[in-house]
Amino acid sequence: MIKTFAIGIDMGNTTTSIGIVDTQGNIISKSSVKTDYQHIAEYIDAIYNHLSVLIEQQGGIDYIKGIGISSSDGNYFTGCVEFAPEHTWSGNTPIAQILADKLQLPVTLTNGANAAAMGEMEYGIAQGMKDFILLSLDNEVCRGAVANGEIIYGHKIFSGKSGHINVHNDRGRICKCGRKDCLEAYCSTDGIITTTLELLISSKETSTLRNIPQNELTFENIYEASIQGDSLAKEVFRFTGDILGQLLSDLIAYSSPKAFILSGKVAKSNEFFMQAIQKSFEENLLQIYIGKTKILTSDIENSDAIILGTSLLAWNSKLVEA
Ligand SMILES: [Zn+2]
């Protein structure tokens, strides 16, 4: 039987997106389940139930090559989700083996940002690039780095935790990891909400955001206000872009990438943000790097890039067999 489809799964903190992908990189059907079950067995059952329907729609399991799945705490080499703070079931969970046994299909696991980088390299804005760094800016901040056309996994796999690089902003803002002033504490959706709340207190600027109860403020509220020209909301994105641009000007020395690719909800927010990133980046660059690296925004939805990237693993990798 010719294997004509692969499955890509993006395990987010609260929602898991599942896609069936053909050999040309088209996501031909999608579904989603919640991630935050109390027990791993409930989560696996939910994936199984949704995936079974999608598989039958494509003619059955005989047409499926395998499954790639991503988690921000996924270990490509062991197939385990390791101590993910977001999941009550995590511990050190051999999820690739559990899924392979349940679905009777080979499975491989990777890190979400690495999967997104693979998706961008094969199907997205990084086509033709061999050296680039992808930063996924969402409720988490993660990095997928490619050098000489290969994903950099690093020793013991976890090389993508760039959300927890210190940005040397001396506010002392506490990150979810417990440390102070991590990139994620400023450039994630939650980080942007925190910046907004701080600014609402410290500034006298009029803002439509003052009409929203503080505990109900969302990233989308801030984004919409910035698009409507709200000065305080625009200042939030300028401040955030300034921090991110400075960080990119440091990261460039790490592997001299052809481009930084920004993906995720925050990256696609607005032009003020991109202008602030570019300005700060250029102001802080070492002279030898000037004009050599672009900052680009992904034009694929982050979850789709991850589904495409994980499906590539199903086509190309050594998979955990049932
Ligand atoms: Zn942190």
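This is a predicted model: local features need pLDDT of at least 70, side-chain atom pairs count only at pLDDT 80 or more; totals for chains, interfaces and linings use all residues.
Start by selecting the open sheet of five strands, whose order is β3-β2-β1-β4-β7 and whose pairing is mixed. At its edges stand β3 (27–34) and β7 (107–111), and because each has a single partner strand, one side of each is left without a neighbour in the sheet. If you look along the sheet from one strand to the next, you can follow a twist that averages 20°.

Next, select β1 (residues 5–11) together with β4 (residues 64–71), which run parallel and are joined by six bridges. Within this pair, Ile7 can be found opposite Ile67 of β4.

Helix α1 (residues 40–57) lies across β1, β2 (15–22), β3 and β4, and its direction is at about 160° to that of β3. Helix α3 (residues 112–123) also packs on the sheet, where it touches β4 and β7 and makes an angle of about 100° with the direction of β7.

Select helix α2 (residues 95–103) next, and colour its buried residues, which are Ile95, Ala96, Leu99, Ala100 and Leu103. They cover an arc of only 135° around the axis, which puts them on the same side of α2. Among the elements that cover these buried residues are β1, α1, β4 and β7.

Finally, move to the largest nonpolar core, which has 42 residues, and select Leu137, Leu209, Ile222, Leu244, Leu248 and Leu262, the residues with the most contacts inside it. Elements giving two or more residues to this core include β8 (132–137), β9 (141–147), α7 (231–255) and α8 (271–284), and the largest share, eleven residues, comes from α7. If you centre the view on Leu244 and leave aside its neighbours within four places in sequence, you will find Leu244 in contact with residues including Leu135, Leu137, Leu262 and Phe273. Apart from this core lies another, of 27 residues, and among them are Ile9, Leu99, Leu105 and Val107.

Technical notes:
Residues are numbered from 1 along each chain as its sequence is written. Side-chain values use heavy atoms; hydrogens and water are left out. Two strands pair if DSSP finds at least two bridges between them. Helices (H or I, at least four residues) and strands (E, at least two) are DSSP runs, numbered from the N terminus. Axes are lines fitted to C-alpha atoms, for helices over the stretch in contact, and angles run from 0 to 180 degrees between N-to-C directions. Contact means heavy atoms within 4.5 Å. A nonpolar core is a set of buried Ala, Val, Leu, Ile, Met, Phe, Trp, Tyr and Cys residues joined through side-chain atoms within 4.5 Å. Buried means under 20% relative accessible area, exposed over 50%, partly exposed in between (1.4 Å probe, protein chains only). The arc is that of the directions from the helix axis to the C-beta atoms.
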